[in-house]
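Q: Please take a close look at the surroundings of the ligand and at one residue of the strand beside them. A connected account would be appreciated.

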Amino acid sequence: MKIFNTKQALQQYLLQCRQNGKTIGLVPTMGALHNGHLSLIKQAQQKCDVTVCSIFVNPTQFTNADDLKNYPRPIEADITKLESVNCDILFNPEVTEMYAANEQWHIDLGQLEHLLEGKFRPGHYQGVTQVVYKLFDIVKPDYAFFGQKDYQQYLVIDKMVQLLNLPVKLVMCPIEREADGLAMSSRNIHLTADDHAHALVLSKALAYIKDNFNGSNLSEVTHSAGEMVRNQQGVTLEYLEIADGETLQPATDESAHLVALTAAQVGKTRLIDNMIIR
Ligand code: AMP
């Protein structure tokens, strides 16, 4: 695997690849890689000739200084994992390589920015679009791969691609879960054994909605699933909603696609999860 820390060296190498007619796939990550990330790399490898994984803990998308400070950064283990799946390229820049001092960024994402995650992490999606725009500009990928795990993030990036007419196709990849149902996340490292057991209520509540939604009982199943989470010791629910899969506005009978999304504080760790309902 080739490892690049600078934009210039990566761009020089990718120019050669492109001149040789190779297609390029990008998998942006913040590292602390798990099987969810590796499933994105595998999808990229199936669709593209050259796969670039970026590992960059992007400071501008953090809304909590401690969260940024404590974010896991096991780079050596990450390199071993990427090599084990034959990833072609790792791009692992320093913050100063990605940002000039006092850089400004704003893109009008409409309502999507302020719902759900946006409400609890104001400014988060400005930081996400800022870094993803930069990564797209550096790598110029034909395809970029994102997880359904961050469903709202996918919609936000899709919106940016449409607004700015960016020449990249996005692919949404399914959520990888532990055998017990917990959605894989880099933040799961922070869960104690008790937290892990408590966190299972999130995927259980989402599965409850999926199993019990009959087309006309939206508020009943949402209420019952919310109660399941609220009654779980060690878990503080932030939101659990069934939303329109395209807009993330509250679901209506006309919504062709429905997704149930949740976020909760489990012990000291904030977790998110979602499930496509229809
Ligand atoms: P992160 O490192 O958390 O920024 O995630 C990098 C990419 O991996 C994002 O597109 C996430 O949606 C995706 N991802 C994170 N967790 C999972 C998972 N459990 N299954 C599939 N993809 C995931």
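A: A residue counts as buried when its relative accessible area is under 20%, computed with the protein chains only. The model examined here is a predicted one. Thr-29 has a relative accessible area of 7%, and therefore it is classed as buried. Its place is in strand β2, which covers residues 24-29. Setting aside neighbours within four places in sequence, Thr-29 is in contact with His-37, Cys-53, Ser-54, Ile-55 and Phe-56.

One of these contacts of Thr-29, His-37, is also listed with Gly-147, Asp-150, Glu-176 and Met-184 among the closest of the 17 residues that surround the ligand. By class, this shell is made up of 8 nonpolar, 6 polar and 3 charged residues. At least two shell residues are supplied by each of β2, α2 (35-47) and β5 (143-147). The largest share, 3 residues, comes from α2.

A polar side-chain atom of Asp-150 lies 2.6 Å from an oxygen atom of the ligand. The backbone also takes part: a polar backbone atom of Met-30 is 2.9 Å from an oxygen atom of the ligand, and a polar backbone atom of Glu-176 is 2.8 Å from a nitrogen atom of the ligand. Taken alone, the ligand exposes 480 Å², of which the protein buries 93%.

Terms used. Residues are numbered from 1 along each chain as its sequence is written. This is a predicted model: local features need pLDDT of at least 70, side-chain atom pairs count only at pLDDT 80 or more; totals for chains, interfaces and linings use all residues. Side-chain values use heavy atoms; hydrogens and water are left out. Helices (H or I, at least four residues) and strands (E, at least two) are DSSP runs, numbered from the N terminus. Buried means under 20% relative accessible area, exposed over 50%, partly exposed in between (1.4 Å probe, protein chains only). Contact means heavy atoms within 4.5 Å. A residue is near a molecule or strand if one of its heavy atoms lies within 4 Å of it. A polar contact is a pair of N or O atoms within 3.5 Å; within protein, one must be able to donate a hydrogen and the other to accept it, and residues adjacent in sequence count only if both atoms are side-chain atoms. Accessible areas come from the Shrake-Rupley method with a 1.4 Å probe; for residues, only the protein chains shown count as cover. Ala, Val, Leu, Ile, Met, Phe, Trp, Tyr, Cys and Pro count as nonpolar, Asp, Glu, Lys and Arg as charged, and the others, Gly among them, as polar.
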